[in-house]
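Please walk me through this structure. Start with a single residue, then widen the view.

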Amino acid sequence: MLSGAARLEDGRIEWLGKPFSPRHPAEARDAGIAAIEATYAVGPDVVVMDIRMPRLDGIEATRRILGQGAPPPKVLVLTTFDLDEYVWEALRAGAGGFLLK
């Protein structure tokens with residue numbers, strides 16, 4: 001869910017070669033669900049969301065995050081999938097932007 005100098009290894013995020021420890025880390029297998037739970041718990045201003053994740057994709061996670069009632073965060077979709085369908089679906093779900101890695 002992070003680009004550039006970040007990497008996901010065994011469900012853990014590394015940033016610039018060092019462990020990255022957010023307050024609510026997401027396991028890779030439940031990343032979409034964990035993103036929703038972390039958003040509710042932390043209340044970030046911005047969520048960086050991937051499109052394709054197991055169990056719950058980033059488009060549905062975006063819909064749920066933005067439909068939570070409280071002032072929602074801005075959602076930026078960041079992915080390697082260069083498909084127009086994903087762009088339009090993310091924007092229809094309420095994402096504020098779409099970037100390719």
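## Thr80, an exposed loop residue

Thr80 is exposed, with a relative accessible area of 52%. The cut-off explains the label: a residue counts as exposed because its relative accessible area is over 50%. Thr80 sits in the loop between strand 5 (74-79) and helix 3. This is a predicted model.

What does Thr80 contact, leaving aside neighbours within four places in sequence? Its partners are Leu100 and Lys101. Ile51 is a separate case: it lies 29 residues from Thr80 in sequence. In space, the C-alpha atoms of Thr80 and Ile51 are 8.7 Å apart.

Is Thr39 buried or exposed? Thr39 counts as buried, at 4% relative accessibility. The limit for buried is under 20%. Thr39 belongs to helix 1.

Neighbours within four places in sequence are again left aside. Thr39 then touches Pro44, Val47, Ile65, Gln68 and Pro73.

## The chain as a whole

How many helices and strands does the chain have? The secondary structure comes to 3 helices and 6 strands. Along the sequence, the pattern reads β-β-β-α-β-α-β-α-β.

The chain has 101 residues, and 32% of them count as buried. Consider next the contacts between residues at least 6 apart in sequence. Of these, 45% join residues at least 24 apart.

## Helix 1 against helix 2

Helix 1 covers residues 31-42. Its axis and that of helix 2 come within 9 Å and cross at roughly 20°. That angle makes helix 1 roughly parallel to helix 2, because angles under 35 degrees count as roughly parallel. The crossing is right-handed.

## Helix 2 against helix 3

Helix 2 spans residues 58-66, and helix 3 spans residues 84-93. Their axes come within 8 Å and cross at roughly 15°. Helix 2 and helix 3 are therefore roughly parallel to each other. Helix 2 passes helix 3 in a right-handed crossing.

From helix 2, the contact uses Ile59, Thr62, Arg63 and Leu66. From helix 3, it uses Tyr86, Glu89, Ala90 and Ala93. The classes here are 5 nonpolar, 1 polar and 2 charged residues.

The mean pLDDT of the chain is 76. A pLDDT of 70 or more is reached by 71% of the residues.

Where does pLDDT stay under 50? One such stretch is residues 1-8, for which the model has 24 contacts beyond four places in sequence. Over residues 23-27 the pLDDT is also below 50. That stretch has 9 contacts in the model beyond near neighbours in sequence. Where pLDDT is low, predicted coordinates should not be read in detail.

Note on methods
Residues are numbered from 1 along each chain as its sequence is written. This is a predicted model: local features need pLDDT of at least 70, side-chain atom pairs count only at pLDDT 80 or more; totals for chains, interfaces and linings use all residues. Side-chain values use heavy atoms; hydrogens and water are left out. Axes are lines fitted to C-alpha atoms, for helices over the stretch in contact, and angles run from 0 to 180 degrees between N-to-C directions. Helices (H or I, at least four residues) and strands (E, at least two) are DSSP runs, numbered from the N terminus. Angles under 35 degrees count as roughly parallel, over 145 as roughly antiparallel, 65 to 115 as roughly perpendicular and the rest as oblique. A crossing is left-handed if the near helix is turned anticlockwise from the far one by less than a right angle, and right-handed if clockwise. Contact means heavy atoms within 4.5 Å. Ala, Val, Leu, Ile, Met, Phe, Trp, Tyr, Cys and Pro count as nonpolar, Asp, Glu, Lys and Arg as charged, and the others, Gly among them, as polar. pLDDT is the predictor's confidence in each residue, from 0 to 100. Buried means under 20% relative accessible area, exposed over 50%, partly exposed in between (1.4 Å probe, protein chains only).
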